[in-house]
Every structure is written in structure tokens, then in C-alpha cells.
Amino acid sequence: MNTKKRAIWVFGDYRNYFQNRVTLQLLAKANDLAPKISAEVCAVLFGQGLDQYVAEYIAHGAQKVYVVEHRSLKNYSVEKYAVLLERLANDYQPETILVGATSFGKEFAPRVAKRLGTGLTADCIGLKITEDGLLLQIAPSFGGNLLAEIITPNHRPQMATVRPGTFQEIPHNNELRGEVVRLPIQKDLPEDRVRLIANERQAQRDQRIEDAPVVVCGGRGMGSKKKFKKLFDLADLMGGEVGGTRPVVYAGWLDTDALVGQAGKHIKPKILLSFGISGAIQHTAATTEADFIIAVNKNPNATMMKMADVAVVADASQFCTALIKGLKARIQA
Amino acid sequence: MVSELPWDSKTGTLRRDLAEGMMNPACANALEAAFQIKRRYGGDIITITMGPPMAEEVLYEATAMGADRGVLLTDPYMAGGDTFVTSHTLARAIEKECPDFDLVLCGCHTSDSETAQVGPQLAEELDIPGVAYVEQLEINNRTVRMQRLSDNFFETLEMDLPGLVTVTTQANAPRYPSLSVLETAFGKPDISILGAADLGLEPETIGVQGSPTKILDVYSSTAKKKNLIMKGTAKKIVDEVFEKFGDRISGAIKKDLKTHYHEKKP
């Protein structure tokens, strides 16, 4: 009988901290799941000079932090990190490993899963524990129009990646205590066969539509280029970004890079306001990760209206004007 | 429509054979990258796909555009596989059909499930260096130099061949075959069709049986929405929206909203 305490591991992805808080969000989710299987929540991180992250992870709910620090781990390395996590997982046998679906995580996690001979579910939007104590992984499938409930019944660890912003982090709490387990780097750790030649941090960009908490999307139903411009006023008021459908881009009402669709940007705002969009599949597939959709259309049977949390049967342009007015009146100075 | 795709409750997978057979967008970019490499450095292009028999169409298409030959992996036992067994199956096919390969190019993800996991797992299976989400690549002797944007970092990377690269849709502009070229290609395509037995793969190690992940259920992502319908004058609806969802809106826009709003009397 295995006397070791069960564990849920969260991979510490700190490269873009503070902007990217997915590790903290996963620690919060792990804390939500762990009591149901009497597990402890652990963070695992590799690199150099990691003390601030160790402290941060403990303050956000890590009961234990495994740390491997070495100058050769200073730069993120998919292959080296994958071998390290594989070996650690073999030593400590966690029930579950959660990885943030950052660019790095999405390349790293599949390789770890393959090395461990286990399953991996990509981009989970929900994680639960089943009656049998398994990790229920809820992930979008088929262009995001379907959600699949996935389990890994016979292989361990159970692995999932989760997109940033999916879960809420626990507020920072300095009272929390955690154990820090420092592990030496293994001497036989292979060199990464991929060599990093240059690594330049990109200048902080303006808010991208993909990350915007509010997206205002418009379609041909807005009526004209002039009326479409009102959507920008609404977005400004809400700290959001404007997107649109292909016909609107073709008509020159909107720049191509603001196209929301399968061939354009995929969005996941907290609120999506959809104005005069009927809802062609190429567009809706890129909006299914929106938390809450308010759609406005004269036609109550439009696909977008059926997909929405709130379907407003009205002229898109007129309703936009009324909403701007209503919002201005309510925003506290 | 995609959301009406049939869900096969017996095998617990999507019936992809009933979906439209078309080349995945990112794979078209990977193929274009292969054409550009061939033009500059020479080489043979072999395209491989796994899927229902009709997936052969994308191999015709690739051949019509300039690929040298195609390999279709199709077998009922291969159906419903997750990325773990898919990468395993592809690796065995590559080892059998083109063991002396220099470079494996993959689309960075599929447009249907978008897991982006097969490429990195295939690199593990073949035990070669691999780099995902590549936007530019050039080859010097046996070294590939690649550029990509990874999270907020512009990275320049190098690896020695043989290696594996997954290509983004930003990498290039894929060409499209003209109909006449396509028709010519239908005349004499060099396409091999292989099943599990041809690759020496036991049924329990591939497809739905061999997959570590199991799908319990699939449902429409919108099924659980309430779909509240609001009608009336624009102003009345706006008031109703704020009354019911003011907290949610306030949270998203990070601004306090007056909860009890009364229009100013003139």
C-alpha cells in the first residue's frame, strides 16, 4: 500500500509573471480539487533565482514547492525541463499534473505526458473530481462548438493544460505556510538538442483582442461604416476591444487584424457584446470561449442569438446608442 | 454545420469520417514550408495523414501541388485515437515509409480539436529535437535555424537534422492547386495505403482502445446557457440588462456602476 500522500502538482510557469498568472490560477483550482481526494497541492519549478516565485506560490496556496535551481536551467528549455519533470514525477508519483497552456506549456506538457506514458487533455475550461476520484477534464472540441468530458482512468499522472484566465486565483495571503523541497540538478541531465541563439523579450504591447476582458463585435447588421464606429465608443467606455466578422472586414468597416473568426482572432472575454451578427460557423467557433454573451439582432432566430446568454431583439445600431447612453449615466465618476 | 457532427456513442468519439474532408489550415502552411525548402535545397516531399479512407483526398491535393508521394494511414482500429496513440502511429509509419527522413513538418494544430500536441509528441516518439510554433525557418548544411514568438519572447533557435518543426498559420501563404492541376493529379498519384497490421501495430495499442484518455461525454458548449430573450424599446432593455447583469458588467469593465439609477429629471 502506498503510504505517500496523494498530490496535485502545478507546473510553475513564471516567465511572464506578472502578466501571466496562470500558475496562480491553477494553484487555486488545485486547492479546490485537492480536499476531494485528500491530496496536497504542490508547485514544481525549475530555473535560477526562484525565491520570489516560491514565496508567491506558497502565498497563493502551494502547500509544498519542489525547486530545482541551477544556472543551466536559467532559460526555459522544453527538452531539459521535460526530462526533469518526468524524473520528478517518477520519483514522487503525483496523481495529477496541471500545466498552464502558455506557448511554452503547450509544447512542454505533451512531451512530459509522452515520456510518462500518460494522457493529456489540452486547454481545459473546467476540472472536477468524479465520484471515483478521477480528474474530470472538460475541454472544447471540434472548433470549440462542443465540450468533451475526458478522464484518464488507467494511467498516472492525469495531465491537463489550462488556458490563462480560465480560473480565478486565490488572493495573496502571507499567512500561508508551505514546505520548500530543494532538489539538486541531476548530473546526467542531457543537453537540450535545440539551442537557444537569441531570446528577446517583446516590448509590452497594447491590449490584444485575444486577451481583452470585454470584446465588442459587429457584423453587417450594424448598417453602415458610420454606425459601426459607435462600437469603438462602446468599447472605449468598457475598456474593451472591437472585433468583427468577415463581411465587415471586406466592406472596409474594420481592419483585417480585428477579424474574429477561425482564420482570424480567437477571443475569450468575460463579456462579448455581439451586434448585428447572424453567426456563421467561422465566426462563432472563435467566440465559444466567451464567458457571457449579449447578442443584439433584429432576427431572434440568428445563430448568434441562440448562442447568447442574453438575446436582445432590437436594431443593433439603435441598441448600441442606448447602451452607450445607459453606461455613461451609470459609471461612477 | 460542425455542431451537428454526429457523436458516436458506441466508440465515444466524433465521427470524423462524416466531416468534410479538407486540408487542415496549419498543415497547408507546413506543406508550403516544405515546397519552399525543396525549391531552395532540394529533397523529396512525402505527405502522411491518418484518417478515414476519404482523407486520401488531401494527399491527392498535396501531390497535385508538388509533393512527391503520399501515405494514408487508415484502419478502423486507428479511429478515435488521442494524441498519445496518434503520435505513436505516425512515428511507426514514418520509420517504415521514410526511415532516412531529414525533417518532419507538421501544422502547429488542427482546426478541429486544436490540441497542438501531436507534433511535440511525435518528436518524442522519433527521439529527435523538435520545435513548435515556428514562423520562419532556414537550413544551413544540417542545421535548421528557426524563429518564433513564444509567449512574450522572440526566440531564435537552432537544431541539427533530423528534426521536427510545427509551423504556424503565420509562417507563409499556402498555394492552392488549380482544378486542372488537381485533375491531372488524379491520373497517377503515388499514394500508399497502410493499416495497423502493415505497421505491426496491435489494435489495443492504437485508436480508441490504446488511448490513455477516454471521452465520457460530449455536448454542445452552448447547451447550458439560459438564453434569456429581451424585447421592447432599446432604453427599457438597457435598464433590464443593468438590473440583471450590472454586477457582471461592473466586474468585467472594472468600474463601479450606480446600482439604483434614476434618470435625472429636467
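I began with strand β8 (residues 146-151) of chain A, which is joined to β12(B) by 6 bridges in an antiparallel run. I took helices (H or I, at least four residues) and strands (E, at least two) as DSSP runs, numbered from the N terminus; two strands pair if DSSP finds at least two bridges between them. Within this pairing, A:Leu146 lies opposite B:Ser220.

I noted that this is a predicted model, in which local features need pLDDT of at least 70 and side-chain atom pairs count only at pLDDT 80 or more, while totals for chains, interfaces and linings use all residues. Residues are numbered from 1 along each chain as its sequence is written, and chains are lettered from A and ligands numbered from 1 in the order in which they are written.

I looked up a second pairing between the chains. Strand β16 (residues 310-313) of chain A pairs with strand β13 (residues 228-230) of chain B over 3 bridges, in the parallel sense. A:Ala311 stands opposite B:Ile229 there.

Finally I examined the contact (C-beta atoms, placed from the backbone, within 7 Å). Chain A supplies 73 residues and chain B 69 residues. On the side of chain A that touches chain B, helix α4 (residues 103-116) gives the most, with 9 residues.

Definitions and conventions:
Two residues are in contact if their C-beta atoms, placed from the backbone, lie within 7 Å.
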